[in-house]
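Reader: I have a protein model to look at. Can you take me through the terms used for it?

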There are 2 protein chains.
Amino acid sequence: MSEQSKNKIGKAVTRRAMLGAGAAAGAAFALGSGAEAAPQAMPESWDEEVDVIIVGTGFAGLAAAIEATKAGASVALLEKMRTPGGNSIISGGVIAAAGSPLQAEEGIEDSVQTLIDDMMKAGLNLNHPELVRIIAEKSVETVQWTIDELGVEYRGLAHMGGHAVPRSYALAAGSGSGIVVPQLDKLKEMGVEPRTRTLMKHLLRDPDGRVKGVIVHEKYRHPDLDSGTPKSIKARKAVIMATGGFGNDPSFRKLQDPRLGGELDTTNHPGATAQPLREAMNIGCTLVQPSWIQLGPWTSPDERGFGYAPHFVQGVAASYGLWVDTQTGKRFVNELADRKTRADAILAAGNKCIAFSDADGYVKGSTGRPTDNLDKMKEAGVLLEYPSLEEMAAAHNIPLDALKETIETFNAGVDAGEDSEMGRYMSDKVGKIGTAPFYVVRLSPKVHHTMGGCAINEKAEAIDVVSGEPIVGLYVVGEAAGGVHGASRLGSCAYADCLTFGRIAGQNAAAVESWS
Amino acid sequence: MSEQSKNKIGKAVTRRAMLGAGAAAGAAFALGSGAEAAPQAMPESWDEEVDVIIVGTGFAGLAAAIEATKAGASVALLEKMRTPGGNSIISGGVIAAAGSPLQAEEGIEDSVQTLIDDMMKAGLNLNHPELVRIIAEKSVETVQWTIDELGVEYRGLAHMGGHAVPRSYALAAGSGSGIVVPQLDKLKEMGVEPRTRTLMKHLLRDPDGRVKGVIVHEKYRHPDLDSGTPKSIKARKAVIMATGGFGNDPSFRKLQDPRLGGELDTTNHPGATAQPLREAMNIGCTLVQPSWIQLGPWTSPDERGFGYAPHFVQGVAASYGLWVDTQTGKRFVNELADRKTRADAILAAGNKCIAFSDADGYVKGSTGRPTDNLDKMKEAGVLLEYPSLEEMAAAHNIPLDALKETIETFNAGVDAGEDSEMGRYMSDKVGKIGTAPFYVVRLSPKVHHTMGGCAINEKAEAIDVVSGEPIVGLYVVGEAAGGVHGASRLGSCAYADCLTFGRIAGQNAAAVESWS
């Protein structure tokens with residue numbers, strides 16, 4: 001290959017150049033060694049060109065597509081899976097906003113600074129503070145945008161773990177589809193539809209340092225990275241990577257945290273792999289904080305993936321029930337602590353923990369939710385129902401006396417309006433526990449969010465690993481960007497992050513000067 | 001530039017290709033944007049060629065150079081600073097070995113598995129276990145190699161924090177110079193001398209995926225990366241990066257852990273920057289675990305850098321004295337815990353902590369050390385001397401009664417042979433505290449070791465970020481490699497790591513088939 005290169009283009013050949021020849025011809029380029037997947041060069045001619053290429057159709061990618069289109073840019077919206085939405089569409093359905101109208105209605109005092117403090121505390125102060133500030137400052141505006149621009153409906157405020165107060169708008173739809181679907185509808189009106197089964201195989205970075213387009217594989221069959229038909233798309237203005245995290249990529253997870261290999265289940269959809277991140281690093285993006293990988297504390301070993309469990313464990317039991325260690329019958333953590341604190345506590349108890357509520361608690365925690373959740377969860381074998389506390393204790397080998405004492409202590413706190421044992425936030429709605437039947441979900445943390453990713457600045461521009469300066473023509477948003485959430489992300493802050501930075505990237509990308 | 005490229009070399013140009021032209025001509029290539037430092041292409045002709053290029057002259061680089069030379073390879077040994085030795089030459093002078101002859105002499109039971117367990121525990125199980133095993137298995141062989149091959153002299157065993165037993169060979173020289181100097185002497189005998197002020201400006205990776213050489217800047221003036229004269233050196237067999245960590249690079253530190261910016265002092269020499277790591281990432285190395293950055297717990301705010309303090313704080317007070325919180329007069333951590341545990345504890349106490357010993361403890365902890373340490377430390381204002389416990393307490397605002405009680409409790413433990421309060425390892429040599437004068441060093445943690453770096457396999461080969469396979473022609477060893485120590489490195493394991501993997505890389509690099 002080295003001889004060939006000399007003959008063809010003299011002294012200045014590189015491996016990017018060599019491989020570029022293959023890419024330009026629209027053909028997959030077979031590598032001799034197999035141990036090397038080199039960056040791609042600019043094609044001589046492009047198969048297609050648009051202003052802005054957006055890779056990924058979760059909250060961030062769709063928000064970027066809406067803003068870029070609105071600003072007059074032509075957009076190619078790429079999605080490698082058969083259906084759009086990524087992790088967003090299957091996520092829990094809550095978005096943080098500090099100082100919102102709903103909080104005002106309920107008399108809840110909150111501020112931008114309080115949200116910043118909560119995010120930094122959960123993140124163990126590893127968060128890039130300038131990014132946190134933007135999310136917090138724009139949080140109310142972002143929720144308002146979903147209402148005004150997309151017609152999104154909310155059913156009230158939720159209190160997510162690690163937040164000082166209830167501040168998370170809960171989607172009426174009960175999951176992220178409540179935003180993704182209106183986003184897709186909006187884009188359809190604007191004439192933009194996701195191109196599914198379209199893999200971003202390579203980012204194309206020019207000798208002048210600018211990212212100028214991508215090589216895609218159309219008709220890609222996940223996860224075969226060699227499947228599909230290669231095609232080059234030129235981005236006159238910019239590429240926006242909204243490609244998500246690597247929660248469902250055991251091999252990359254294990255590299256960054258050897259404890260989190262393939263034995264561990266994940267809440268993530270099958271597309272949440274490190275491939276786009278690997279490509280980004282290969283063209284000079286800066287990887288930050290990749291070994292901080294979050295386990296969701298509210299998942300069940302009795303189902304695969306995200307499942308139904310979080311609706312009950314977080315939505316019901318964390319506010320209106322209790323989490324107990326079955327070995328002791330005692331609570332073991334503040335059920336509204338941040339995710340890392342709770343997941344670590346469950347793991348420390350050998351995963352022998354349950355979340356439970358009584359019948360009253362179930363009703364309160366489920367208000368406004370789709371009414372068939374209970375049945376679905378029971379059918380799936382995830383939610384277990386017991387006619388009495390005694391039977392619940394017997395079924396899970398919980399010492400009954402200790403369990404009763406735990407409930408008595410908590411109930412006394414309900415009267416006093418204070419959780420003396422764990423310091424959990426007690427709203428006026430919380431009632432005493434005691435009305436049969438009792439509901440239980442067993443607890444077992446699963447990989448949920450990868451905090452690390454490409455370094456970005458406040459404009460969502462990717463940062464070059466050598467120069468530390470922005471890479472012209474490349475934005476990274478959502479879970480693909482690193483540094484936003486530090487060591488551990490607070491629940492409902494991904495929505496705010498993805499929508500806020502997605503919009504910022506879409507607006508900024510549309511305003512970039514075209515390179516031809 | 002894009003037009004120029006089309007004219008010159010047709011469709012296959014890349015930014016690497018463009019920049020290669022400059023590099024090949026031996027001239028620095030000015031970039032238009034300033035925001036971009038692109039990888040370099042292969043020069044048409046090389047200014048020099050050798051079998052193996054070794055970058056860095058700490059323990060790892062020198063060990064690699066010795067082995068590669070011994071195996072018959074010609075070696076270019078590069079050092080960007082004015083003098084060789086990097087952080088190694090100023091380091092604390094202890095090397096871990098599990099199951100050693102010195103341990104046998106002292107009747108200390110130890111095993112490879114115990115060392116592995118200690119390293120994994122300190123690393124919070126984030127260590128890549130296959131790398132840990134190699135270090136532990138080869139630890140005795142490695143120390144023996146320094147004795148047999150280099151004539152290194154040791155003064156006895158030290159008990160380093162986080163190790164289950166005393167197992168660290170302490171250099172008679174009292175610092176890493178006790179190994180670096182014999183390494184340099186050995187290399188001189190073999191005809192290899194470090195080329196100082198020679199910056200590895202770029203790694204050169206060919207289109208075929210192989211690393212084939214470097215661009216250096218001769219007569220480099222640290223830290224001006226544009227200084228010096230560019231020159232290309234071809235590596236017929238391989239390049240070994242032994243370039244150290246980024247402990248003295250506040251901007252890269254801050255990116256990976258925003259708490260650790262420029263406000264914080266470091267024990268590292270000025271050359272410990274991220275520049276080589278950035279270059280490695282830019283040619284497709286895989287960055288792992290970069291946000292785990294270790295603070296040394298045994299440093300003093302009364303001097304800059306590593307200084308004298310650790311000799312006393314670790315060498316004397318951790319085994320023969322006590323560390324106390326001046327606010328309470330009480331101990332606050334097991335003085336022999338791992339570094340992270342102790343640094344976190346000092347920070348949690350607002351840095352208001354001291355390490356102290358009595359006169360007897362000082363003598364015991366200093367046995368075999370250069371005798372002028374005491375005077376030097378006192379002159380530097382780091383070691384403070386008090387004629388009585390009362391005067392020591394008064395000078396540091398320590399509640400005297402609490403301090404006396406702390407000492408009484410500890411002294412009772414000396415009789416019992418057990419530290420009931422903190423569970424510290426008690427050797428037979430530990431005596432009761434009470435003989436004036438008393439010596440004090442104030443405590444303030446400093447950035448000491450960066451655990452993250454390039455992913456490597458058991459052969460010390462660098463791992464490609466896209467393919468996950470080894471990069472032919474590139475080895476990474478020592479602190480530049482990531483994953484070895486997980487969340488936090490145990491003291492005296494860097495010596496074992498650097499020497500063991502340095503030797504492995506040197507042997508393997510010499511055995512690589514030449515590419516021309």
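Predicted model: local features only at pLDDT ≥ 70, side-chain atom pairs only at ≥ 80, totals over all residues.

Reader: What makes a space a cavity?

Author: A 1.4 Å probe fits there but cannot get out.

Reader: Which residues line the largest cavity?

Author: They are A:Tyr320, A:Asp358, A:Asp360, A:Gly361, A:Lys364, A:Gly431 and A:Lys432. Helix α13 (residues 359–366) of chain A gives the largest share of this lining, three residues.

Reader: How do the lining residues of the largest cavity divide into nonpolar, polar and charged?

Author: One is nonpolar, two are polar and four are charged. Gly counts as polar and Tyr as nonpolar.

Reader: Which residues of α13(A) are called buried?

Author: A:Ala359, A:Gly361, A:Tyr362, A:Gly365 and A:Ser366 are buried. Buried means under 20% relative accessible area.

Reader: How do you know on which side of α13(A) they lie?

Author: Their arc around the axis is only 160°, so they are on the same side of α13(A). These buried residues pack against α11 (309–320), β13 (353–358), α14 (373–379) and β15 (438–442) of chain A.

Reader: What span should helix α16 (residues 400–416) of chain B have?

Author: It has 17 residues, so at 1.5 Å a residue it should span 24 Å. The C-alpha atoms at its ends are 24 Å apart, which agrees.

Reader: What do the buried residues of α16(B) pack against?

Author: They pack against β11 (322–325), β12 (330–331), β13 (353–357) and α15 (389–395) of chain B. Among these buried residues are B:Leu403, B:Ile407 and B:Phe410.

Reader: What comes just after α16(B)?

Author: B:Gly417, with a positive phi of about 70°.

How values were computed. Residues numbered from 1 in each chain as written. Chains lettered and ligands numbered in written order. Heavy atoms only, no water. 1 Å grid on protein atoms, 1.4 Å probe; cavity = no way out; pocket = protein on both sides within 12 Å on 5 of 7 lines; lining within 4 Å. Helix = DSSP H or I, 4+ residues; strand = E, 2+ residues; numbered from the N terminus. Expected span 1.5 Å × (residues − 1). Buried < 20%, exposed > 50% of the residue type's maximum accessible area, 1.4 Å probe, protein only. Contact = heavy atoms within 4.5 Å. Arc of directions from axis to C-beta.
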